[in-house]
Amino acid sequence: MKKNWSLTQEAFDRLLAWLGAGPEEAGRKYEEIRRSLIKIFTCRGCHEPEDLADEVINRVAAKLPQIEADYTGDRALYFYGVANNVHLEYLRRRPAPPAPHPVTAPAAEEEDERVYECLLNCVGGLSSHNRELVLQYYREEKRAKIDNRKHLAERLGIALNALRIRAFRIRLGLQKCVEECLTRPAAG
């Protein structure tokens, strides 16, 4: 897959047409496959199951021009095959968590408080636009979360996938900021 490839509306429409005969069937099948992918990545202990599921969908959409004419069988199986490859890549690039030193490790409660303080400082350091976007993006649960993200994308005038990418990049920045904060000596 090309590194700079991104899902366009045309590619997404083509993917939906490949998944089902009509828009309702295609949309239902798409949501079903995406939910299954998220579940697979969650069960495998991945920390970013939604982002990994989106990566699988992007890769299938990018590959679609080469496979759509000849592919036979359940379309979901193709997604699951790609998911296995994405999971293997995830395992290779995921850094091993550092082992805490038993003598210097702070109590779990103190550590949680420190992480929370660092997170608050890092969120406070975001631009007001990015802070609002990330807080809105991670609001709600289950179906309400999905609906909330659709409304947020519509309000910003961008595609849902573009919204996911923006939120992912902001979250990566926050994660880096929190990690750097935690490596500094605690105040007080």
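**Figure 1. Arg-34 is a buried residue of helix H2.** In this predicted model, local features need pLDDT of at least 70 and side-chain atom pairs count only at pLDDT 80 or more, while totals for chains, interfaces and linings use all residues. Residues are numbered from 1 along each chain as its sequence is written, and side-chain values use heavy atoms, with hydrogens and water left out. Arg-34 counts as buried because its relative accessibility is 9% (buried is under 20% relative accessible area, exposed over 50%, partly exposed in between; 1.4 Å probe, protein chains only). Leaving aside residues up to four places away in sequence, Arg-34 touches Glu-50, Ala-53, Asp-54, Ile-57 and Arg-164 (a contact is heavy atoms within 4.5 Å).

**Figure 2. Arg-34 again, now as part of the lining of the second largest pocket.** This pocket holds about 780 Å³ of space (an open set of points on a 1 Å grid over the protein atoms alone, where a 1.4 Å probe fits, with protein on both sides within 12 Å along at least five of seven lines; lining residues have an atom within 4 Å of a point). Its 30 lining residues include Tyr-30, Glu-31, Arg-34, Leu-160 and Arg-164, the closest to the pocket centre. H1, H2, H3, helix H7 (142-156) and helix H8 (160-183) each bring at least two residues to the lining. H7 gives the largest share, 8 residues. By type, the lining divides into 12 nonpolar, 5 polar and 13 charged residues (Asp, Glu, Lys and Arg are charged; Ala, Val, Leu, Ile, Met, Phe, Trp, Tyr, Cys and Pro are nonpolar; the others are polar).

**Figure 3. The largest nonpolar core has 27 residues.** Leu-15, Trp-18, Leu-37, Phe-41, Val-56 and Phe-79 are the ones that touch the most other members (a core is a set of buried Ala, Val, Leu, Ile, Met, Phe, Trp, Tyr and Cys residues joined through side-chain atoms within 4.5 Å). Helices H1 (9-19), H2 (23-43), H3 (49-67) and H4 (75-93) each supply at least two residues of this core. H3 makes the largest contribution to this core, with 8 residues.

**Figure 4. Zooming in on Phe-41 and its contacts.** Once residues up to four places away in sequence are set aside, Phe-41 touches Cys-46, Pro-49, Leu-52, Ala-53, Val-56, Ala-83, Val-86 and His-87. A second, separate core has 16 residues, Cys-118, Leu-163, Ile-170 and Val-178 among them.

Figure 5. Ile-165 is partly exposed because its relative accessibility is 30%.

**Figure 6. Glu-140 and Lys-142 have positive phi.** Neither residue needs a glycine label here: Glu-140 is not a glycine, yet its phi is about 75 degrees, and Lys-142 is not a glycine, yet its phi is about 50 degrees. Glu-140 is in the loop between helix H6 (128-137) and H7, whereas Lys-142 belongs to H7 itself. Glu-140 is partly exposed at 45% relative accessible area, while Lys-142 counts as exposed at 69%.

**Figure 7. Stepping back: the protein has 8 helices and 0 strands.** Helices (H or I, at least four residues) and strands (E, at least two) are DSSP runs, numbered from the N terminus. Of the 188 residues, 31% are buried. Among contacts between residues at least 6 apart in sequence, 63% join residues at least 24 apart.

Methods
Points joined across faces, edges and corners; volume = space filled by probe spheres on them.
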